[in-house]
Amino acid sequence: MQREKLVEVKDLKISAKNDDGDIIPIVKGVSFDIHKGEVVALIGESGSGKTTISLASLAYTKPGLYFTGGEFLVDGEDMLKAEPLRTREIRGSKVAYLAQSAAATFNPAITIGEQVTESAVLHGILSQSEADKRAIELYHALELPDPERISFRYPHQVSGGQLQRLMAAMALCGKPDLMVLDEPTTALDVTTQIEVLKAFKKVIHEENSAAIYVTHDLAVVAQIADYIVVLYGGEVMEQGTAGEIINNPTHVYTQRLMAAVRPKPQAGLGSSVGVEHERDVPAVRITDMTAGYGGIVNGEPKFPILRDINISVMNGHVVGIIGESGCGKSTLARVMAGLLPQARGTIELDDVELEGDLRNRKLEELQKIQFVFQMADTALNPKQVIGDIIGRPLEFYHGLKGKQKHAKVVEILEMVELPADFASRYPMELSGGQKQRINMARSLAANPEVMLCDEVTSALDSIVGANVIKLLTALRDKTGVSFVFISHDLSTVASFADEVVVLYAGRVVEQGPTDEVLTPPYHPYTRLLISSVPELRLGWLEDTMQKREMSVGIAKDVEITSIGCPFFNRCPMGIEGTCEKQNPPIRDLNSGHQITCHLTIEELEVVEFEVQKALAGQNIDEAVV
Amino acid sequence: MMKRMVLRRIAIGFATLIVVSIIVFVMTSVLPGDVAQIILGQSATPETLAALRKELGMDQPGYVRYFQWLGNMATGDLGISKAGGATIESLISGRLGNTMVMSGLVAAISIPISIALGLWAAMHPGTLLDRIVTFGTLSLISVPEFFIATILVLILAVELHWLPSTAYLTGDETFLEFMQAMAMPLITLVIVVSAQMIRMTRAGILNVMSSSYIEMAILKGVPRRRIILRHAFFNAIGPIVNVIALNLAYLVSGVVVVETIFSYPGLAKLMIDGVQTRDLPLVQACAMIFCGTYVALILLADVASIMSNPRLRNPK
């Protein structure tokens, strides 16, 4: 199909000027075309220049960057040469932008409706009443709840996934010829991502607008792009249709990117403990624990987050905690660390009960449980050199000083695979992956028994993140430390955890050895999670949306209930009258695998069989076509 | 949520006032000098001094006098001036009116000018005019107000003879005379308070301007003017309101120098006179009025910033 050309990028060059006046090329001569109604993906790691290129379509550069050559033609007009007044006309009417974090992109002080329609009205494309009408149509198309009234709300009154879709409405309201989507699903849970992707794809198709889709996630690209441009260091490595690139990548870098896409979570991926550290004693045991915020009344927190949690972390094991945002993963880590005292239940370290509040814990107990925070950027003091950051726990817990301390710092840097001279550097001078290593090194310096890692790879590119995981596994094998690895990314957890705990609305719905949890039968929620992880193949999104469990549970909000199964409102197999009224029983399978569900194991197995049969049928259909 | 926060602020305001009243009472009690001595003069005998002290209630223990004083204060009885015998109300009422007129006029002129200039500077950062505004306001903040006042007097009164050099009011001026008398203290105060408000408005807006939602507004093609007025201003209201409140409080209590230079019969000058004559009830009453104004204005600013926060105004 030959479509009309909308965008022509010819030898685009963009550079940064640093404080000394040196010119550093960021985008080094990039060329590609976009046709009407086509989605072109710019894919690469951070620093590849993908966002910078996409912003050029709006005649915009981030502060400190300058266009230094080439052309960016939209409808034959060069964006690089547009006058300030003209750029304002183009932005929002001809080309529209969708940013990564909708939460930061919506103005907190203005209603959603005004922000969605603002651009279209300002540019004179629609009158206010026409724009309001169009906004409601778009809300319907994007399957937002309460489309007639959501306009009157403020951004903080809707969920993250809804806000992300509202941003799409904001971009589309002015009927742009070209949309720029900058990592629009990266910050979302898999279940929300799939729903947002579906909405984007539908609306792009209906509006027949062209789009630039910027991302580092090949599996996502495979679902939405027609054409893919692979970028590295500001240069095009390879470009071609989605089919060509996904099915037959020729460039080495593309192949590396593909390799970094984690396989679908499935049995057989989890690691096994090194023999010399195998001790089946729990390092941490949590029994009947309930915790929450807002003070405790009669042993119940005012705002309960976690309920009746029973978990053991074996010595030298990696326990993955997974669940959607808001399910209580981080709260669980905070309770273990003593940052949030539990309302009920006990926490034991090496069979000794711990005080709930870390202020009452002994120094050696504090030393044995260490926290690794998600954002290395904010967790590392920017005014301290790495040597001091790692040296502090050495001094605090082990009383090391002077040369001894320095020697130990070097040793620990070696453990996290960083050179010794990093000790004299500041966090600012390090890359994201290096900072995360320092973040872990700091915890490691305490010589802990358990390390609580809260989403430590979530902010990293896939290749960098994969390296951090490798390091984690190596550390475990070398030192025998246990890891509690919190993540919303099931694939990452499945790739190296010994045990998995699936949390939903503050409760454990399933737990056990990774291989067992990832082998059917599943808890219905685990299945939803597993099937929401995008696969690196074309057409996966459409296939998945047809499946029964996806169509039922996906768009609904999590409800935190005090009784009954919290997953009931999203569960495709719920038993009305039972599930929402009684707490589900814990069903024991082999080797410590537990599923908390009203359905018996046999019933769950039957469901599994039917799903497999339906899937097999689909595959046969595909084969016929 | 919001109601609770506002009520809490009001409670804190009251608590502050109580603490302040204790401080005022204790501080004025330890001021050197003895009212009885001042009234009766150096030649008074110890017996007459003791008798007068008793009459004034000064032989009672401190806490009794404090609660009596606080109770009277709360019921509007400010007491009797110990130097002269007039009621404090009669001394204060006219002066308070003058101070209020002055502060009101200064506020009415300076707030709109400051916000407009601050916004305008924020709209054109880095331009020549922005630099003139930032540099000018910085210079004005660092210059003491008596200097500005003196320069004004030198130019407008002494050299040009446009305006009278004092602002003493008798109460039966014509409107034109009134405005002429007020002009110079007004100009001085407007300059002094505006400088800070302009800087804070500009800084508050520019701070918000670096956020993601402003970049988004730019990428939506929103004109800079609208970005500032609609997108940035409402998110910057908190700090702006606070600096306005501080400056208004200053206008009520801190304008001693200006009132003195222009012989303006305001409250601050009355308090200075009170300190000079050891007139404790007068000093206490003035101090409490100043503190009350401060607390009330800061409270208003707090409530305004709470109200301007959409998260608190529209809970989930």
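The briefing below goes through the chain contact, the domains, a helix pair and a strand with its neighbours.

This is a predicted model, in which local features need pLDDT of at least 70 and side-chain atom pairs count only at pLDDT 80 or more, while totals for chains, interfaces and linings use all residues. Residues are numbered from 1 along each chain as its sequence is written, and chains are lettered from A and ligands numbered from 1 in the order in which they are written.

**Contact between the chains**

- Chain A contributes 24 residues and chain B contributes 15 residues to the contact, where two residues are in contact if their C-beta atoms, placed from the backbone, lie within 7 Å.
- On the side of chain A that touches chain B, at least two residues each come from α2 (84-90), α3 (102-105) and α4 (112-122) of chain A; helices (H or I, at least four residues) and strands (E, at least two) are DSSP runs, numbered from the N terminus.
- That side of chain A is made up of eleven nonpolar, nine polar and four charged residues, with Ala, Val, Leu, Ile, Met, Phe, Trp, Tyr, Cys and Pro counted as nonpolar, Asp, Glu, Lys and Arg as charged, and the others, Gly among them, as polar.

**Domains of chain A**

- Chain A is assigned domain 1 (5-249), domain 2 (275-508) and domain 3 (524-624), with bounds that come from an automatic or database domain assignment.
- The C-alpha centres of domain 1 and domain 2 of chain A are 36 Å apart, and six residues of domain 1 of chain A are in contact with seven residues of domain 2 of chain A.

**A helix pair**

- The axes of α4(A) and helix α6 (residues 160-172) of chain A come within 6 Å and cross at roughly 35 degrees, the axes being lines fitted to C-alpha atoms, for helices over the stretch in contact, with angles from 0 to 180 degrees between N-to-C directions.
- I112(A), Q115(A) and V116(A) of α4(A) meet L166(A), A169(A) and M170(A) of α6(A), a contact with five nonpolar, one polar and no charged residues.

**Strand β19 and its partners**

- In strand β19 (residues 499-504) of chain A, six of six residues are buried, meaning that 20 or more other C-beta atoms, placed from the backbone, lie within 10 Å of a residue's own.
- Strand β13 (residues 318-322) of chain A pairs with β19(A) in the parallel sense over four bridges, where pairing requires that DSSP finds at least two bridges between two strands.
- β19(A) also pairs with strand β20 (residues 507-513) of chain A, in the antiparallel sense over six bridges, and V502(A) has E510(A) as its bridge partner.

How values were computed:
Buried ≥ 20, exposed ≤ 12 C-beta atoms within 10 Å, placed from the backbone.
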